[in-house]
Amino acid sequence: MQTLAVRGLTRRFGELVVLDDVTFSLDAGRIVAVVGPNGCGKTTLLRCVVGADRPDGGEVLLDGKRCHETNPGFRATVAAALDDIDFFPDLSVVEHLELLAHAHGGPVEPVAEVLAELGLESVRDQLPVTLSSGQRRRLALASCFVRPRGLLVLDEPEQRLDARGRAWLAERLLREKAAGTAVLMASHDAELIDRVADHRVEIGG
């Protein structure tokens, strides 16, 4: 079953064409890697897919329906970690993750496992503002993995992860594939892409 279809996607900022007729599809249990040089529009593409930005042309379909972030079904299906993710400022790390799991209709039991996987157990009771940039990045990833999801959208998920963290990420993405999750990610990590991606979408080349 086709999960995501991007057709003729175009995005302009004034006279600058950032995305020009981008077309690809992504099925359940597959990973598509968006590749290209810095500033080519990878993040813009992901933002259009999750509904945080509106394209000037083309369409994004999820299971045959137009994507829109205000649609409850869309929000229930799509888990995303982009650069501009917000955290609940007055909730601790563990409270933040438990609330996300509960809000999306999932159990809270995976929270402890995800905290351990991402090395966040020692900061579970801290507020997000007290975390390092690397810890905040791992919290953003954890926010995706504690909730139900059919489509996972990740913007350079390897960013600010050490070698051990990148090895974990590769294994985790392979597990997501095996579970039937569709994954769309932008990445500069050639080793990660070679290991997990089924297809590449090159933009800005």
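In which hand of crossing does α3 pass α5? This is a predicted model, in which local features need pLDDT of at least 70 and side-chain atom pairs count only at pLDDT 80 or more, while totals for chains, interfaces and linings use all residues. Residues are numbered from 1 along each chain as its sequence is written, and side-chain values use heavy atoms, with hydrogens and water left out.

The crossing of α3 with α5 is right-handed, the near helix being turned clockwise from the far one by less than a right angle. Residues V93, H96, L97 and L100 of α3 meet L139, A142 and S143 of α5 in this contact, where contact means heavy atoms within 4.5 Å. The axes of the two helices come within 9 Å and cross at roughly 25°, which makes α3 roughly parallel to α5, a term for angles under 35 degrees.

Helix α4, residues 110–117, has V111, V114 and L115 buried, that is, under 20% relative accessible area with a 1.4 Å probe and protein chains only. Seen down the axis of α4, the buried residues fall within an arc of 105°, so they line one face of the helix. Their cover includes α3 (93–103), α5 (133–145) and α6 (163–178). After α4 comes G119, whose phi is positive, near 65°.

Two residues other than glycine also have positive phi: D21, at about 60°, lies in strand β2 (residues 16–27), and E156, near 45°, lies in the loop between β7 (151–155) and α6. D21 is exposed, with a relative accessible area of 53%, exposed meaning over 50%, whereas E156 is buried at 16%.

Terms used: Helices (H or I, at least four residues) and strands (E, at least two) are DSSP runs, numbered from the N terminus. The arc is that of the directions from the helix axis to the C-beta atoms. Axes are lines fitted to C-alpha atoms, for helices over the stretch in contact, and angles run from 0 to 180 degrees between N-to-C directions. Angles under 35 degrees count as roughly parallel, over 145 as roughly antiparallel, 65 to 115 as roughly perpendicular and the rest as oblique.
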